[in-house]
Amino acid sequence: MTTVDSVAVRAYVLPTEQPESDGTLEWDSTTVVVVEAQGGGQTGIGYTYGDASIAWYVESKLAGEVTGHPALDVQGAWAGMQRAARNDGPFGLARYALSAVDVALWDLKARLLGVPLASLLGRFHRGIPAYASGGFTSLSEAQLQEQLSGWADDGFLRVKMKVGRRPERDPQRVAAARDAVGGLVELFVDANGAYSRKQALALAETFAEHRVTWLEEPVSSDDLEGLRLIRDRAPAGMQVAAGEYATDEVYARRMIEAGAVDVMQADVTRCGGITGLLRIDALCKAWGVPFSAHCAPAISAHACCAMETAVHVEYFADHARVEQRLFQGAAVPRGGMLVPDESRSGLGLEMRRTDAERYAA
């Protein structure tokens with residue numbers, strides 16, 4: 001019986017090309033915590049985005065729970081990690097840590113079996129549409145137009161921009177974005193919870209004039225009543241989406257039951273990894289709600305091919321850049337689609353160790 005021989009973890013901090021911001025946050029770097037699970041002569045890779053302290057948590061609480069466990073029994077290992085993390089709550093950085101280990105274990109299992117992770121999980125889709133995402137509020141109008149039009153030229157059929165930093169300027173920025181991408185590309189906006197309920201309702205009407213079809217987190221994701229209000233009153237053809245902070249299926253169930261979203265979101269590096277994400281897919285199927293993956297495109301491409309309700313994956317500019325710098329084999333969209341590489345087992349990723357070392361925390 002092949003077991004998990006060891007679990008290693010390392011945090012990396014990669015600076016952004018320039019300071020960035022959205023409606024509620026400013027940053028100048030991205031921290032990635034990478035987990036490597038070894039067994040049977042293979043190494044599985046998983047990762048999450050969050051504080052470097054996640055690495056310490058993996059080492060102190062989760063690695064010992066997983067080491068020595070049968071490598072093919074990923075869900076059993078997941079249950080063990082759940083028990084080990086019980087007193088630290090079913091949310092927050094403990095779940096980010098669990099998610100990274102879970103992804104590494106699924107990757108290891110697929111490598112041991114010699115199949116792509118998407119194939120191991122069972123495919124509903126051969127590939128998954130991707131939408132390009134960035135459009136930070138820190139960009140000038142000219143920079144915003146250049147970025148979004150570049151994505152349209154690359155074949156993306158959907159692009160997303162940030163709003164909410166200065167609400168009075170958002171209508172002008174959205175109009176400029178529409179001019180940049182033309183009439184055939186869908187335009188998404190993401191407020192990161194920056195608006196009040198009435199601001200969001202008013203701006204939704206304005207955004208509709210520029211054919212915005214996606215309004216993400218118009219108010220805080222914790223305000224389920226507010227999300228439901230905006231969803232009910234949003235212009236026809238505009239979907240309200242939220243859920244990127246979900247750390248388990250209970251969070252997702254509450255959001256869906258509240259009628260708060262047209263599209264449920266979750267992040268595989270936060271919601272309990274592949275194991276947690278598949279549970280959310282089942283919820284979405286039961287409630288008839290489509291699913292859209294938040295970030296981590298190299299993992300999400302495989303996971304979403306196995307999710308019946310998945311409609312697209314966010315190809316977030318920062319995370320796509322980080323994946324290309326840290327890993328060989330990270331998928332790149334072609335014609336707006338992410339298609340897992342059939343010739344590589346697992347996630348198809350290998351660490352660029354020399355390049356990664358310069359970013360080690």
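The second largest pocket in this predicted model has a volume of about 260 Å³. A pocket here is an open set of points on a 1 Å grid over the protein atoms alone, where a 1.4 Å probe fits, with protein on both sides within 12 Å along at least five of seven lines; lining residues have an atom within 4 Å of a point. Its volume is the space filled by probe spheres set on the points. Among the residues lining the second largest pocket are Glu-17, Phe-136, Gln-143 and Arg-321. The elements giving two or more residues to this lining are β1 (6–21), α5 (141–153) and α12; helices (H or I, at least four residues) and strands (E, at least two) are DSSP runs.

The largest pocket has a volume of about 500 Å³. Of its 22 lining residues, Leu-25, Trp-27, Arg-270, Phe-316 and His-319 are the closest to the centre. Strand β2 gives the most to this lining, 4 residues.

The largest nonpolar core holds 112 residues, of which Tyr-47, Phe-291 and Leu-326 touch the most other members. Such a core is a set of buried Ala, Val, Leu, Ile, Met, Phe, Trp, Tyr and Cys residues joined through side-chain atoms within 4.5 Å, where buried means under 20% relative accessible area with a 1.4 Å probe, protein chains only. Beyond its neighbours within four places in sequence, Tyr-47 is in contact (heavy atoms within 4.5 Å) with residues including Val-33, Ala-100 and Phe-327.

Residues are numbered from 1 along each chain. Local features need pLDDT of at least 70, side-chain atom pairs count only at pLDDT 80 or more, totals for chains, interfaces and linings use all residues, and side-chain values use heavy atoms, without hydrogens and water.

How values were computed: Buried < 20%, exposed > 50% of the residue type's maximum accessible area, 1.4 Å probe, protein only.
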